[in-house]
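Dear colleague,

Please find below the structure I am handing over to you. My notes follow directly after it.

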Amino acid sequence: MDVQVSVYRYNPERDDVPRMQDMTVAVPDGKDLMVLDVLERLKAQDPTLTYRRSCREGVCGSDGMNIGGTNGLACVTPLSEALKKGRLVLRPLPGLPVIRDLVVDMSLFYRQYEKVRPWLINDTAPPAQERLQSPEEREQLDGLYECILCACCSTSCPSFWWNPDRFVGPAGLLQAYRFLADSRDTAASERLSALQDPFSVFRCRGIMNCVNVCPKGLNPTRAIGHIRTMLLRRGI
Amino acid sequence: MSGMRTLTFDAIVVGGGGAGLRAALQLTESGVKTACISKVFPTRSHTVSAQGGITCAIASDDPQDDWRWHMYDTVKGSDYIGDQDAIEYMCSVGPRAVYELDHMGLPFSRTREGRIYQRPFGGQSKNYGEGGQAARTCAAADRTGHALLHTLYQANLKSQTVFLNEWYAVDLVTNARQQVTGVLALCIETGEVVYIKARATVLATGGAGRIYASTTNALINTGDGVGMSLRAGFMAQDMEMWQFHPTGIYGAGVLVTEGCRGEGGYLVNGEGERFMDRYAPNARDLASRDVVSRSMILEILEGRGAGPNKDHVLLKLDHLGEETLTKRLPGICELSKTFAHVDPAREPVPVVPTCHYMMGGIPTSVEGQALMQDDAGQQIGVDGLYACGEAACVSVHGANRLGGNSLLDLVVFGRAVGLHIRDRLAEESESLAASDTDIEAAMARLNRLEATESGESVADLRHELQNVMQLSFGVFREEKAMLEGLEKLRSLKERIAHVHLEDKSRAFNTARIEALELDNLFEVAFATAFSALERKESRGAHARNDYPDRDDENWLKHSLYFPKQQRVGKRDVNFSPEKVASFPPKMRSY
Ligand SMILES: Cc1cc2nc3c(=O)[nH]c(=O)nc-3n(C[C@H](O)[C@H](O)[C@H](O)COP(=O)(O)OP(=O)(O)OC[C@H]3O[C@@H](n4cnc5c(N)ncnc54)[C@H](O)[C@@H]3O)c2cc1C
Ligand code: SF4
Ligand code: SF4
């Protein structure tokens, strides 16, 4: 079976403006490939086609892109789901500068992540063994620590598009809450102070695009809600 | 070199996986001026895929547990060619390294007592094989590698390690005295080529599973560090030793963790029989990986496979119940649904042995310094070169790695190499110099690609190489097929030397990277072929139909591959641990 693919192309050394290129690729009948498999076949035809990829199983977060209008990971999106009217349309993640083809510059996204100080802070001297944590305390981290930093969420968020430098965005805030929720962390107060401005958290409009696209099924909106509550409670 | 920038550091770590990040963290925290360079953003390294856990005697599941029992299992698992001084170091320092991970914030699963949760893995025992199955693998659900890698990256952010992300190390820079003075590296985003000069270069570039057509490894696992080191003329050790994991998802290659069997899952053949009972009456499905993989292949060869082509077996998990599956194995449920279209709570997962791990690599001392031989055949350290993680062969895994021992290897030896380099640099401040000619030599591959005008494509040649390895150097091996394989590799060598790079653009040119990676895949495959032919016995993962028995008289040894002479030699295994009596070779049964 032949599949029609329309893919965003931009090579800064050759192109003044980006364009959509139509390509055709043969895929085996009766086997549902992933979008990444389709890309690999396209690249065998045209080695200049550029995208990131690594684990090919949805855990490294390299191949986030806009597939048929929705952000997702190419390696775990089946072609059957991605085809819209018989066509596969691939664009880079929206809202970030494009380096080449489907590769975006993620510096802003990473900077927001670093801003929340995504590491454990605990001023007490560590014990000779692990710090104890009950299964219930540990459960608080489920749905938070699994983030793979693919940026599907933040680049689908209108608030992040408008203020990528000041609004931390769903991915960063999810990690902010991951450390606020960790019973081993002692820096909750400093963490909250650093977020207490009109932009870092409060630009979230609860549009929930982030939740709809997260390939790991995580819920940044809920985490943001928890942070808001913590901030408001402090304000009183 | 005219026009080329030089960046200077005390130490550079090539690799941002678990091993590289642990080394970089130790170095940065010790005040050594360090850069960590990685061809992908660090959290996209292959360590992120590790599922089951990190094996270590922290005595949480069993308060009596003892690192010496872990050592015994590891020595036995290695089929007695793991170096006992290194294994002793890993197993005894391990608990400290694991607690450090907890202190950095790794979200381990927990027991009722609040301690780190441990699950049973293959090849684990209590009391030196006498006390039954142990549960020694520390886990964060079935996402331990992800949790470990992100935690280490975060700790490095905290310590302000310098990162050169999406930079590709092309080749080592070596001088006339065979000292390594740094690497030549390419900034993928801009295409700029830079000489990164350092007193110490650490290769932590991970494995090379992509030499096989079917592998659990990430697409980026192309053995770059081993390739660079071989091209620089340094030897590689035990390259015939490749682990085939019993449970790669049939058709996709994606792994489901041994932890599935640790949690109580088991394998059945096409007739529904729990066949491991016949091959390993005691450990059954938790026998060592080499044993289980061979048993599966035998079942398939004897016509008892599952599916229309009887070419795989089934992993049964449904009896564990939905609750255990979602709590302990959530990632496995996700992968099975995506890649095998089955829900493990209802149906078994189709699986086949799949290339998983490179036990061989760059031989190093326990401190992580790379080794070479002097003219008299004596082992000496390579000045300026270090290695850790899957790229290195220290050797703690010998002929067969136990599950969960790789993550431990990464953090223990990543840490050790950092400590060692700190001490070395404090003693000697003389910097190593390379001439313009030395640097130009490291440019050779880039120049060659730049000049190509025609030739075969990278994708085609890579495909062919992977098929040769799959056919001739798989789970079972024999001389005739291997010789044929080697012949094919020889002809591929010529063709790869003339591969065509059509796209010469600079910015984010992944075609150029893939062409460079192809050379490394080839170096690793070639070394594997020579070493596999030379080892005329069966040991651990190296199973030969023509030499079915272990031969301790001639082969209780490491193999060494010398790239310049294309020759294989031997090296003694270390049997002299410091704190315990050594474990002598025994017949290995499970
Ligand atoms: C699916 C799967 C599951 C596993 N599960 C477990 C488990 O449960 N427990 C366990 O102990 N082990 C497990 N393993 C094995 C273990 O994950 C690996 O052996 C280990 O993660 C390797 O780590 P590393 O740091 O050596 O290399 P990697 O994590 O592979 O990192 C290599 C690094 O080197 C960089 N690099 C490579 N080449 C270059 C270059 N030319 N220039 C610049 N940078 C470069 C890469 O960007 C990357 O950052 C598993 C393996 C697989 C495949
Ligand atoms: S819920 Fe908030 S963070 Fe998520 S997409 Fe909407 S505005 Fe963005
Ligand atoms: S929250 Fe989900 S979508 Fe957002 S970066 Fe993390 S994994 Fe990706």
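Which residues does B:Phe413 touch, not counting residues up to four places away in sequence? They are B:Ala86, B:Tyr89, B:Met90, B:Val366, B:Cys388, B:Val394 and B:Val396, where contact means heavy atoms within 4.5 Å.

This is a predicted model, in which local features need pLDDT of at least 70, side-chain atom pairs count only at pLDDT 80 or more, and totals for chains, interfaces and linings use all residues. Residues are numbered from 1 along each chain as its sequence is written, chains are lettered from A and ligands numbered from 1 in the order in which they are written, and side-chain values use heavy atoms, with hydrogens and water left out.

B:Phe413 is also among the residues with the most contacts inside the largest nonpolar core, together with A:Leu90, A:Ile227 and B:Ile54. That core has 147 residues; a nonpolar core is a set of buried Ala, Val, Leu, Ile, Met, Phe, Trp, Tyr and Cys residues joined through side-chain atoms within 4.5 Å. Buried means under 20% relative accessible area, exposed over 50%, and partly exposed in between (1.4 Å probe, protein chains only).

Two backbone features deserve mention. The peptide bond from B:Val394 to B:Ser395 is cis, with omega near -5°. A:Arg117, a residue other than glycine, has a positive phi near 50° and is partly exposed, at 33% relative accessibility. Phi is likewise positive at B:Ala59, near 55°, but B:Ala59 is buried, with a relative accessible area of 18%.

With kind regards
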